[in-house]
Structure formats: structure tokens, C-alpha cells
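Subject: Structure handover

Hello,

Here is the structure we discussed. Please load it first, then read my notes below.

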Amino acid sequence: MNMDWEVVIGLEVHAQLNTITKIFCGCPTAFGAEPNLHTCPVCLAMPGALPVLNGAAVDKAIALGLAIGAELNRHSIFARKNYFYPDLPKGYQISQYELPVVGKGALTVQLPDGGEKVVGVTRAHLEEDAGKSLHEAFIGQSGIDLNRAGTPLLEIVSEPDMRSSVEAVAYLKKLHTLVRYLDICDGNMQEGSFRCDANVSLRRSGAPYGTRAEIKNLNSFRFLEKAIEYEIVRQRDILESGGRIVQETRLYDANRDETRSMRGKEEANDYRYFPDPDLLPLVLDESRVERVRETLPELPDARRIRFMRQYALPAYDAGVLTAGRTLADYYEQVAVGVDGKLAANWVMGDLLGALNKAGVELEDCPVSAGKLRLLVQRIEDQTISGKIAKDIFDELFHRGGEVDAIIDSRGLRQITDVAAIAAMVDAIVTAHPQQAADFRAGKDKLLGFFVGQVMKASQGKANPDQVNAILLEHLQKG
Amino acid sequence: MELHEFSLRELRQGLCNRDFSSVELTTVLLKRISALNPALNAFVTVTESDALAAAATADARRAAGEDGPLLGIPMAHKDIFCTAGVRTTCGSRMLEHFVAPYNATVVERLTAEGMVMLGKLNMDEFAMGSSNETSYFGPVRNPWHTGMVPGGSSGGSAAAVAAGLVPVATGTDTGGSIRQPAALCGITGIKPTYGRVSRYGMIAFASSLDQGGPMARNAEDCALLLNVMAAHDPRDSTSHPAAASDFLRGLERPLQGLRVGVPEEFFGVGLDPEVAAAVQAGIAELARQGAAVQSIRLPNNPHAVSTYYVLAPAEASSNLARFDGVRYTHRAPNPADLTELYQQSRYEGFGAEVRRRILVGTYVLSAGYYDAYYRKAQQVRSLIREDFRRAFAEVDVIVGPTTPTPAFPLGAKNADPVAMYLADIYTIAVNLAGIPALSVPCGFTAAGLPVGMQLMGDYFADDLLLNVAHRYQQETQWHRAHPSVHAREA
């Protein structure tokens, strides 16, 4: 990209709050039910039906506000956003407009190059989701499924603080981590529980903001990155050929890797927002905020720093291990009483590798943290070598079983008996007189050959450090 | 006196004494409805078999030793309250065939007391009107003179109670829709404090103004009904936690020392002299009973109508968006596309007055006009509220006319919406403030049309208004007059 252009990015993230019931009625929020099963007069917008706010959704919004150090508005207002669409049964969406529940806050984002960036959060507000229009199953008609109508959403709006697709992805990932830590959103991007719109514009360095395009419904980190990259090139080409950017809403087409115009500014709806007279202003008292504060878990940033200190981990490891609350919890269970870095290597290497290869989520991992901890302990107490441990892990992962039982039944216990190792060493050295002589003549490299031979003879069970030491002693003694 | 003229207290006495059963009483009233409704058009739907079954159930409950002030008493609901299994039209073609799968809270509560619903009452379409002429099911006629309007929007309720088709009925009041028809039909009706009566299942016109209330032939009957209607409802976020009360308790308190304020603004240009005279006589009666009458000012009252006609349509334009042809409403046949489905269904389903208010409401909320209209109107609404706050620091009740004129002829104001809107000039400020107000019959014009006197109170002074009206009715006979309606006028 031409260095004269600076890209300016702001994100609007819709996080579906994982409450049990909908935001304004008692219907379940569960995904995947038969169409229109989870509906009632309120979410079907029957005449005379009225909304009643779900307090759990409010508490989850407060939790996010506290986590990003935001101002919580002690008095916020629900407003009606009016537009007609078949999957919007009331003809308006209940949202927050002039006074959102969460005001200004900020998120510190770790960048891939090791740096950090603070991204401002303008606001976060509560609103209800719409239903779904089903076009496939009906010829010449559309079906409406209102199961999703009334599902609580928290829309989190950032400041236009990001200057590259990398920063935008890092911000989105950090927010994704945070909402799952707070247990306010399941973060499932395929099912749309965490999705984002990106506002992208270009400007000459130091110039006022340029005209932006809004790219809708980006439901993966990769799509966000690619859509922004596409948009940068598209806008730069227009600007450099003397054209002007049109303010519009665009849709990212992942199949063709391009953004397409959805509607221009002049086609934009006039939503006629006004305060919803069916709902009283939302008043947050201090005790409620404190109650939520007390339930907050340790947040990712604090945990990352603690991991570095408590487990003597490098920043990279601490970052990977704290990216998800489940992973961090798992790691901490493994790391009890064992070397932190060794435990980290096992979790980040063998465990995540195996999960990834098998396409299994950590929640469904066949190897419990307790078993992995025992495995690491058996390495530390020299019952087995690291290499043998990898075999045992493989067996635990694919066939199950208990660590010690596998060691015993397969006779994998490491040989640490000095006399036994010395006997093996003796036999090997005796069997290779030429190599022994060469070693003594200065061919140090041959030590590796002898170690290999001894390990082979012990079927990998001899303690490698001891083998090394005894071999050296034996060979030098001649 | 005939059965259809009995008060609730007399009806309960008769049921207790086994003078008549609920089934007998219900049968009498159903016959009366079938004879007179063709002339009045007060009922949109009559639920004869359901009513007789409910009456039989009430009789069985009474036979089993149960008693209650409303057990086995017939009534009817304004067709704005959703009734499970019985269609709820809201006076509109849009909902001509709509049957709710649930009861409004008000319906649920009155049914639980053993009241017997005889049917659903005609009304202005979506409660938008002051003459009951906007109903898709045709105008209601005033029992005192069938060439005259009964008022609106609860015109069916007022006509049915006045004509003795039911002893009591429910109504709703957004800008005067209980009080104005009560005045024009010579009955008693109260719009309670906003938040007293649940709005759940009551089809919304303007949510911040709508309030359900009782319409009856006297204040005591209103109190008996309100005792059950007023209750906190967790399904309505605007329902007040302290909504419930015993409205009978203070009913007999003497008026000695009551401070009555008479607003100058209510006796200006446009007030019919016969109405003025009847109301002045009513105020004199309160004074005779010991009330201290003083003149007060409500300086922002003249802005009430224009404020209302910004805010109510704004809310209505949004409230009525759900009637879109997609789910349970009227749907235009064979629309070419989605836009046409919306346009045609709504054009065909809504009448002219409803369409007019949706257009006005959409306009005042539009980008660039919101501040000039909606926001400004909210500011004036605060001033109107402030007027009342100041007034109630000095007086206990405010008294004036309910309407500027008695009932007017059908069709008289149809060509001029603004003239029609001015029929609510004295009632609208009350809804904007959210305070309670009541209309009692206080006389007749020379042509024999009833006149209503309006009593307004501070927040939650509903019991005081019922008390004043009751004491007034102990010393006057206006509420005991009954129109003679003849079946031949069908």
C-alpha cells in the first residue's frame, strides 16, 4: 500500500448474551430448535403483549462495562428503532440509542509483533435480535422463524482507533477472549453469536477522517482481515484515480473475496428512534454494580501477567494459555506442583496439537488435566522419559486409561538403577571397541552413537542423563 | 325498578337472596342486547353461550357457599382487551378475524372474580376517535338520542352501560376515551392514575397515555370494579408496584373542608353555555356539602391538544407497525412483492383516521423533525405536569366540564378532524400528566342530552375522586336517569 494513505477502522461487535431466556420475555434462547417453537405472545408481537426486561442481560452488560473500565450509565434508556421487515415482528427493534448502559471504556490489545495498543470503546448497548427469514425451503415464498427474535445482544462499538487489519483482528480476538472469560457470550462465530461490522476509511496521514464504508456481518477473524484488505485496495484505487468514496453499507462475499454495495446513504432507513414507552428507564444502583463486580473472574490481562510471574512463563506462552478461560483453567490444573514451563510445553504442544488434529474442543478433551499433570510428574520424578511420555499421552488421548497403569502394564518404567545402566553401558562399549578407541582418540561426536545404542538396548527406558554420565565415565576410564 | 337498572350492590343482594340467579340475570340482559343492539350497535361480538356457561359456573360457586361483590355479575369488555378464544377486533378490519391465544390481565382478573362476559364492545378503530364513527363495524349510537354520537373511543362501553345492556363495562382512556363518552352517555367513568391498571393484553394506541378503567352507572360501581382491575402486574413494566388499593374504604367520607379548584382555562371560548351551567351547578353542590371552591390556573392546558396530537400519533405509528400483513392481521391478496404486501395490507386494513395518525406520527419522528415536534412536545408535556403539581399543592381536586359540548349529531365533525380533536380539549391534559380523572353525570341540556362533570386528582388520588363523586351522587339524581331506547329504531 502506498505509504501516504492511512487506513482508519472502527468495529461494531454484536455479542449474543448467553442468558437462559430472551431479553424481554421468558422464552428459551437455545439454538437449533424447530422453527417458532421458542416463541410467545411477547416475541411474536401479538397485540397488547408487553416487554419485561431480563435482569440477567443487564448484569452481563455491566460485567463487560466493568471489564473494560467503562463508565456505567446509572440511567439508561431503551429506544425503538423502527423499520419494517418480516422477521422483525413488532416493526421495531428495542435497542438503546441516546443513553446506552455502557459508556466510554478501553481495551488493551496485544499485537502479533509483541506490541500493545489501547483501543477506545465508545459505548455498548443492549438490544434484541430479530428472527430469521428462510428463503430456501419455500418456492416463491419466504418462511419466518422467530426463535431468535428477542435474543439479547450487546452491541459494542469501538472508536475509529485501528490502523490496520492486523490491529482490527487483534482487537476482535481480544474482545472475543474477554466475552468468553466473562461468561457473557459463547463466542460461537459460525452460529453468529459473535459477529462484527467494520467501518473502513482511508485518509492522508494527519488529514481529517475520510468517508467510510460499513462492511456488514463479518463472522470470522479471517473474513474481517480479508474484507478490510479488499476495502483498502478498493478505496485507494478510487481515491488515486481522483474519485470519491461513497458512504454506503457493503457486504463481504467470502466466496469471491470481495465487498459489494448493499445500500447507499440515501437508501438508508430513517429509523425514527424514540424512547420506548413500554419500558421504564434502566436505573443501575451502586449495590447492583458491586454485586456484579464481585462475580467477575480474573480477567485475561491480569491472568497473563500472573502466569508470567507465578509459572515463570515467557510472555508468548502466557498469552497463548490465557487466550481462553477454559485453556487457562486447564493449564492451572496441570501446573500444580510441577514445573510451569514443562507443563506449558505439554499443554501448548502435545495437548493443543492433538486436539487440533482430532478436531476436538478442549471441553471434550479425553485427557483430563489431572492425568496430564500426573504424566508430567512421572517425567519429573524420572519414572519415565519425555519420549516415553509422548507415547503414553498418545495412548491416553486415543484409547484412554490411567498413566501409572499404562507405565506398568507396558513396562515403560524408566531404568534409573545405576548398576543396571552400567551393565548395559559395559556391554555396548565392549561390543564396539573400534568406536571406543576412536572416542578416546578425540572423536567426541561418537558419544551420541553410544547413547543411542544404550537407549536402543534399554528400549528407550534408560534415563538419558544417567546414560550420558555413566558412558562418559566408562569411556574415559577406558 | 327493573333488573337492568340495578346497581352492582343491588345485583349482589339479589343473587345472595336467591331473588334471581346469574343465569336468569344473564338471560335477561342477553335478550335486551338482542333487542336493542341493532339500534345502538354497542356490541361487536355477543358471546351468548359462553356467557350462559360462565353464569352457570358462578351460580354453582355461589351455591357452594362462595360470595363476592362481582360473582355472577354480567359485564362486557371494550374490544381492545384481548380475550382468549373470543375475537378481539379493536374496531378494525385489520383484526376482524383475530382471536388472541391469551387473556388481557384485566380480563383474567375480572373473570377470576366470577364476572360473566356478555361480549365485546364497539369502539373507535384502535381507540382513535371521539365519536365512535371510526369503527370498521359502524358507529355506535347514543342511547339518549340515536341520531347523536355516544362519544369515543369507548363509545360501545358507554352506550351499553347507559342503555342497561350491562351494569358495568371496561373502557380505556388515552386522551379522554372513558370520560368523554361517559359524559355524553350520562354515566360514570374513571381513568385511573397511569400505572394502576395493567396494560398487558390491552391493544396499545399510545403506550405512555393508555390506561384502562371502569365505566358504570355510579361511582360505587366504578370503585367495585377498580378494586379488581387495579393491581401490580409483573407483565407490564409500567404497572405501579402500589397499584392495588381498596377504593370502597374512603367512599363515604364527607366533603367538609375539601379544597376544590376550578380552572379558568376550562370555562373559556368554545364551552357550550348549557354545559357550563350544569357544571357550575355541580360545583355549587360540592360547595353546599362543605367543599371550599377556589379559582385556579392551568396555564399550559391550551397546549394540551397540540402536544397530544404529536405524542400520541408518534407512539401509535410505532405501536401499529406490528399490524403488517405478515402474521395474524388482514393480508392483501396476491401482493407482487414485500413492499406491496405491507402497503396494500395496511391500506386495506386501516381506516382513514388511523392512517392519518400513522402518517402524522411517522412525520414527527422523522430525522430533521424529531426535535421540532416530538422533543418539543415532551418538553410541553413536562410543563403540563408541572401545572398540575403546582395546582395540587393548593387544592385536592380540580373540577370542570368533561367536554365542551353535549353529544353531537353523527357525521357532524367527520369532515374536520381538528374540530373532532377539540372534543377532548378538557380531558387530554390529564393523560399527558398521568393523573386520575373521572366524569360524573351533572345534568341535562334542554334537548335531553346528558352533561358530565370532570373531577381530576393528584397521582394515586383515585380513591378521593371516587369519594367525591359518590358523595355527590348521594345528593343528586342525574346518574339515576335512564334513557328509553326502542327496538324499532334498528
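**A helix pair in chain A**

Helix α7(A) passes helix α8(A) in a right-handed crossing. Bear in mind that this is a predicted model. Helix α7 of chain A covers residues 325–334, and helix α8 of chain A covers residues 340–358. Their axes come within 9 Å and cross at roughly 135°. Angles over 145 degrees would count as roughly antiparallel, and 65 to 115 as roughly perpendicular. The pair α7(A) and α8(A) is therefore oblique.

Which residues meet? From α7(A) they are Y330(A), Y331(A) and V334(A). From α8(A) they are A343(A), A344(A), W346(A) and V347(A). By class, this contact has seven nonpolar residues, no polar ones and no charged ones.

**Chain A overall**

Chain A has 15 helices and 15 strands. Its radius of gyration is 30 Å. The globule rule gives 23 Å for 478 residues, so chain A is more spread out than a compact globule. Along the principal axes, the C-alpha trace of chain A spans about 95 × 55 × 55 Å.

Burial comes next. Of the 478 residues in chain A, 40% count as buried. On sequence range, take the contacts in chain A between residues at least 6 apart in sequence. Of these, 68% join residues at least 24 apart.

**One loop residue**

Where is V246(A)? It sits in the loop between α3 (221–240) and β12 (248–253) of chain A. Is V246(A) buried or partly exposed? It has 13 C-beta neighbours inside 10 Å, so V246(A) counts as partly exposed. The cut-offs behind that are 20 or more for buried and 12 or fewer for exposed. V246(A) and A405(A) are 159 residues apart in sequence. In space, C-alpha to C-alpha, V246(A) and A405(A) are 69 Å apart.

**Where chain B touches chain A**

How many residues of chain B are in contact with chain A? There are 35, and they contact 26 residues of chain A. On the chain B side, three helices each supply at least two residues: α9 (304–319), α10 (338–349) and α11 (352–365). Helix α9(B) gives the most, with three residues. By class, the side of chain B that touches chain A has 19 nonpolar, nine polar and seven charged residues.

Best wishes

Notes
Residues are numbered from 1 along each chain as its sequence is written. Chains are lettered from A and ligands numbered from 1 in the order in which they are written. This is a predicted model: local features need pLDDT of at least 70, side-chain atom pairs count only at pLDDT 80 or more; totals for chains, interfaces and linings use all residues. Axes are lines fitted to C-alpha atoms, for helices over the stretch in contact, and angles run from 0 to 180 degrees between N-to-C directions. Helices (H or I, at least four residues) and strands (E, at least two) are DSSP runs, numbered from the N terminus. Angles under 35 degrees count as roughly parallel, over 145 as roughly antiparallel, 65 to 115 as roughly perpendicular and the rest as oblique. A crossing is left-handed if the near helix is turned anticlockwise from the far one by less than a right angle, and right-handed if clockwise. Two residues are in contact if their C-beta atoms, placed from the backbone, lie within 7 Å. Ala, Val, Leu, Ile, Met, Phe, Trp, Tyr, Cys and Pro count as nonpolar, Asp, Glu, Lys and Arg as charged, and the others, Gly among them, as polar. The radius of gyration is taken over C-alpha atoms; the globule rule is 2.2 Å times the number of residues to the power 0.38.
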